[in-house]
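Subject: Structure for your review

Dear colleague,

Please find below the structure that I am handing over to you. My notes on its pocket, its ligand and its cavity follow.

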Amino acid sequence: MKIAVYPGSFDPVTLGHVDIIKRSSKMFDRVVVGVLVNTQKKPLFSLDERVNMLKDVLSGVDNVSVESFDGLLVDFVKQQGSNVIVRGLRALTDFDVEMQMAQSNRLVAPDVDTVFLATSLEYAYLSSSVVKEYARYGVGLADSVPECVISKLIEKMNQP
Ligand code: PNS
């Protein structure tokens with residue numbers, strides 16, 4: 001049974017994330033989406049909100065589960081019985097950061113590999129940060145986040 005872990009902050013989940021998750025779910029027997037508890041970027045959504053949005057969006061995908069994790073990613077990967085981390089690569093700007101992360105993880109756990117999937121073209125410049133800016137300034141979100149996330153984002157933006 002080949003298990004992969006797809007980690008991230010998911011603040012909030014975007015259509016780019018969903019694309020990577022669905023594509024990796026076809027390559028592995030099981031994909032565990034790992035939601036980082038203590039992201040250094042102060043999240044807009046609480047851990048529960050981030051996890052629940054992902055569960056909602058992925059409820060129809062049988063071999064994907066959503067878990068939260070704190071501490072080192074490679075420890076979480078091993079706890080899940082996996083040795084593969086999946087990450088999406090968007091534009092060139094991702095490369096440096098992602099390489100550094102993959103190499104750091106390999107230094108700590110040489111038996112854990114990172115597999116990069118090229119993001120689908122339509123999501124190449126999409127990020128959770130951009131989505132939050134869109135929501136703040138009233139830009140349409142239908143092409144950026146799953147349906148159920150739109151109302152949650154608008155709700156958050158309208159909170160004092
Ligand atoms: O969605 P993000 O914010 O790009 O995801 C970053 C994430 C969660 C993959 C990264 O911050 C991470 O793995 N954090 C856990 C701590 C860790 O293991 N750090 C060492 C890797 S350099």
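**The enclosed cavity**

Four residues of the lining of the largest cavity come from α4, which gives the most. Please bear in mind throughout that this is a predicted model. The count of cavities of 30 Å³ or more comes to one, and the space in the largest cavity is about 40 Å³. Its lining is made up of P7, L73, I85, R87, E98, M101, A102, N105, T114 and F116. Besides α4, both β4 and β5 (113-118) supply at least two residues of this lining. By class, the lining of the largest cavity has six nonpolar, two polar and two charged residues.

**The largest pocket**

The largest pocket holds about 1,000 Å³ of space. Its lining consists of 37 residues, and those nearest its centre are G8, S9, K41, R87 and M101.

Which elements each supply at least two residues of the lining of the largest pocket? They are β1 (3-8), α1 (15-25), β4 (84-89), α4 (92-108) and α5 (128-136). The largest share, six residues, comes from α4. Sorted by class, the lining of the largest pocket contains 13 nonpolar, 16 polar and eight charged residues.

**The ligand**

Where is the ligand to be found? The space that it takes is the largest pocket. The elements giving two or more residues to the shell around the ligand are β1 and α4. Here again α4 provides the largest share, namely three residues.

There are 13 residues around the ligand, and S9, K41, L73, R87 and N105 come nearest. By class, this shell comprises six nonpolar, five polar and two charged residues.

- S9: a polar side-chain atom lies 2.6 Å from an oxygen atom of the ligand.
- L73: a polar backbone atom is 2.7 Å from an oxygen atom of the ligand.
- R87: an N or O atom in the side chain is 2.9 Å from an oxygen atom of the ligand.

Taken alone, the ligand exposes 550 Å², of which the protein buries 72%.

With kind regards

Definitions and conventions:
Residues are numbered from 1 along each chain as its sequence is written. This is a predicted model: local features need pLDDT of at least 70, side-chain atom pairs count only at pLDDT 80 or more; totals for chains, interfaces and linings use all residues. Side-chain values use heavy atoms; hydrogens and water are left out. On a 1 Å grid over the protein atoms alone, a cavity is a set of points where a 1.4 Å probe fits but cannot get out, and a pocket is an open set with protein on both sides within 12 Å along at least five of seven lines; lining residues have an atom within 4 Å of a point. Grid points are joined across faces, edges and corners, and a volume is the space filled by probe spheres set on the points. Ala, Val, Leu, Ile, Met, Phe, Trp, Tyr, Cys and Pro count as nonpolar, Asp, Glu, Lys and Arg as charged, and the others, Gly among them, as polar. A residue is near a molecule or strand if one of its heavy atoms lies within 4 Å of it. A polar contact is a pair of N or O atoms within 3.5 Å; within protein, one must be able to donate a hydrogen and the other to accept it, and residues adjacent in sequence count only if both atoms are side-chain atoms. Accessible areas come from the Shrake-Rupley method with a 1.4 Å probe; for residues, only the protein chains shown count as cover. A molecule sits in a cavity or pocket if more than half of its atoms lie within 2 Å of its grid points.
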